[in-house]
Amino acid sequence: MKKKRLFSGGLGQLTIPFVAICLLVLFNVIRDLIMIFVLKTPDYISFFSIEITKNNIGNSVLSGNLISIINGASELAVLAIGMTLVTAACGGQDISVGAAAAIAGSVFVKVLKASGNINAGTVILAFLCACIVAMIFGAFNGTLVAVFKIQPMIATLILYTCGRSIAYWINGGATPTVESPIIEGIGRFIPGIPIPTPVLIVAVMLIVFKVLFRFTSLELFTQAVGINQSAARLNGINPTLIKLLSFILLGACVSVAGIIGVSRLGLINHETLLLDVEMDAILAVAIGGNSLGGGRFKISGSIIGAYVIQMLTITLYSMKVSSTDVKAYKAIVIVLLVVIGSPVFKEKFGRFMARRAASKVQAKGAEES
Amino acid sequence: MQEAVLLQMRHIDKQFPGVKALSNVDFTLRKGEIHALMGENGAGKSTLIKILTGVYQLDGGEITVDGENVIIRSPQDAQNHGISTVYQEITLCPNLTVAENMFIGREGGAWVRHKAFEKRADEILTKLGIPARSTQQLGDCSLAVQQMVAIARAVDMKCKVLILDEPTSSLDDKEVKMLFDLMKDLKSQGVGIIFVTHFLEQVYEVSDRITVLRNGELVGEYPVQDLPQVQLVSKMIGKDLDELNALGESGEKKNENTEVLYEAEGLSSNEAKPFDFSIRKGEVNGFTGLLGSGRSECVRAIFGADKVNGGTVKIKGRQVRITRPIHAIKNGIGYLAEDRKRDGIIAELSVRENIILAMQVMNGIFKPISRSETEAFADEYIKVLNIKTASRETPVGSLSGGNQQKVILARWLLTHPDYLILDEPTRGIDVGTKLEIQKLVLKLAEEGVSVTFISSEIEEMLRTCSRLIVMRDRHIVGELKGDDLNQTQVMKTIAGGEA
């Protein structure tokens, strides 16, 4: 009994993402050891090595697989924060985040281009514009879901379908580039700081949401609505408002992710920016141990979920798996994670452990007598 | 009337975690008989039916069909033994045709033989006199016809025992008559029908026999002509357990002269017809009437739980507008809903979060109660109400029914309401907790809180309330206080006084 408690109750909801990270680390450690000590591969670089190198503008920056993982997962992590809220409140997911991010990115570039020179002021202005536009689109999705009670996946299918067309119109079909030290500072490194800026942005977003949850009752109300809407309403909570709010907050996350994506490349490509990211974002929420049916949630779980997905991808790449094959391998691992996280498996596993414990006790009893 | 026994259930026992749902219940159904199964909520009617249909497994006792011992493990087993059920909510598919609905799931092969099915369906519909065509979409038919199609489906499956669970609750008078004609027709064909309903008049219209259950026990089986309506009501509601009786004396019922706290005139909602109502400070009153009489709908209108359509409401003499629960909460009204699972607990949230929820809503989203404060509140009420929970962080869904109810009580007590509405707070919980809740109601009244207390058990209400509002068929039909406040008078008023 105690053992079961330790396993399933110790980390609570974070058990699955934690176990997933551990498994991936263990796998890479074993591979490192085999490569170095058994096969004695020359010039082999450990998966975990982190180096300080000079980048093209002469900055000292960190590089290595681990850095690529947390850096590359930034957009996904930011989206996963918002997706967690929507999932918790509505029991459904927004599949338009990739398209909406393309819109936000296009608005960002458009405003920068229109204002001529790129300086701190115009970047902030452009960010605010992108943020507001993304929140308006979020409100659109939210209205369909909360007021018209359309299933989230169907409601957001509309923006999923037309979002990239809207992004195309914003810049008249062009894929303009934005070149400036400030944009590079957002997408890559700020001079003097060796950590990639997107990683810092994720940290800031996490803090912003933690503060939001600390100074409002949003977390409690969202969970209440997600678990039992009828009871929440009878306790004076307005479920429509809470759901709408979750979509608007996701909109804010979408704009941040879009701007990271644009800044990384220094251009907006409405066709490819954050393409297919929505499914990974939903997956991150699921791996984070959050129920896709709504209710209890942990945004930290979803962020770890995003890192799990990216770590898996980088691990596969470092094993020289071709990019066409990566998706298939990813699918295998994800099936395992999702099955392990399912209630049926948990119950069966719990029963198995209990039975083992019982038989041990019995064996002990037999020995004693 | 034939006396051949069709179905016999003997010494049926059923235990749920913490509750004995049925104990030693007998039930006999004869061939060609309409047998009403009566009892208030929690009496064990639906448990008995679910055992018969294979949804639940019995813990003790035996069932015989046509004199043969049978074991029913699944709904499929039940069907194979000729036992069919038509539920309160129609479980057919509204977007399929009538014929498809009648044959769905029992085609016997991969090929759906539409033409043959339609011909067969039309034959049955004509034979039973059901006004529907086989090619019609089921969703286009009236609810009564949909119900009849469900019955036709059962009849075609060679059912010997037909269970109708609240078949008339959403039908109008004409449709009810249609359904009753069908039932009588089936009866003459030798089908045994178990009829579950809350409508007393309907029982007397079609039934041959009545079996009454109360608190999971058999009260008795009576031929319908031997059991007048008032006696039926008294058997359903019953005498209470002796240990509860002591409570009556402790409650002083004096509040004739206090100020009026809440006053509604012509209040109506989507569910409740216009009614007048008022309550004094520190008064305990009750709405009584059988289930479906509209008592819950009235209190829901007071709280703004359903869409309020009209009426004026005054609190402490000042006119207020209460159209949503939040308005009611801010005006000092608390409401413990009838359906604890659906409208009360937030199962996956902890005891602590459930307790502070209403208070947090009252404070507003921008003024969260600090973690340490919520812990203190939770600990306080866990102690005061003697809530049995592993810890304050335990999900409330894992608590027993009585303790869940206490958590919701704690939630409202924490908001320090002037007026507390308790709709069936004692339903489905153990006797000890029932007693505690009644004591609490009287204590609150002494402290000046007005309470509306609704219970299916009239004795509970007689013990706690100083005034009873009696409802029948969604109308207030009487108000009892003082010397009129006794069981006979209440039952007479509920049953319509014609006894």
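**Chain contacts and domain layout in the predicted model**

In this predicted model, 22 residues of chain B are in contact with 20 residues of chain A, a contact being two residues whose C-beta atoms, placed from the backbone, lie within 7 Å. On the chain B side, the elements giving two or more residues are helices H12 (325–330), H13 (340–344) and H14 (351–363) of chain B; helices (H or I, at least four residues) and strands (E, at least two) are DSSP runs, numbered from the N terminus. H14(B) brings the largest share, five residues. By class, this side of chain B splits into 16 nonpolar, two polar and four charged residues. Here Ala, Val, Leu, Ile, Met, Phe, Trp, Tyr, Cys and Pro go down as nonpolar, Asp, Glu, Lys and Arg as charged, and the others, Gly among them, as polar.

A quick word on bookkeeping: residues are numbered from 1 along each chain as its sequence is written, while chains are lettered from A and ligands numbered from 1 in the order in which they are written. As this is a predicted model, local features need pLDDT of at least 70 and side-chain atom pairs count only at pLDDT 80 or more, whereas totals for chains, interfaces and linings use all residues.

Turning to chain A, there are 16 helices and two strands. The C-alpha atoms of chain A fill a box of roughly 90 × 65 × 35 Å along the principal axes. Of the 369 residues in chain A, 44% count as buried, that is, with 20 or more other C-beta atoms, placed from the backbone, within 10 Å of their own.

Chain A is assigned domain 1 (72–320) and domain 2 (322–356), with bounds from an automatic or database domain assignment. Their C-alpha centres lie 27 Å apart, and eight residues of domain 1 of chain A are in contact with eight of domain 2 of chain A. On the domain 1 side, H13 (277–287) and H14 (299–318) of chain A each give two or more residues, with H14(A) giving the most, four. That side has six nonpolar, two polar and no charged residues.

For chain B, the assignment gives domain 1 (5–237) and domain 2 (260–495), and the C-alpha centres of these two lie 34 Å apart. The contact takes 12 residues from domain 1 of chain B and 13 from domain 2 of chain B.

How values were computed:
Buried ≥ 20, exposed ≤ 12 C-beta atoms within 10 Å, placed from the backbone.
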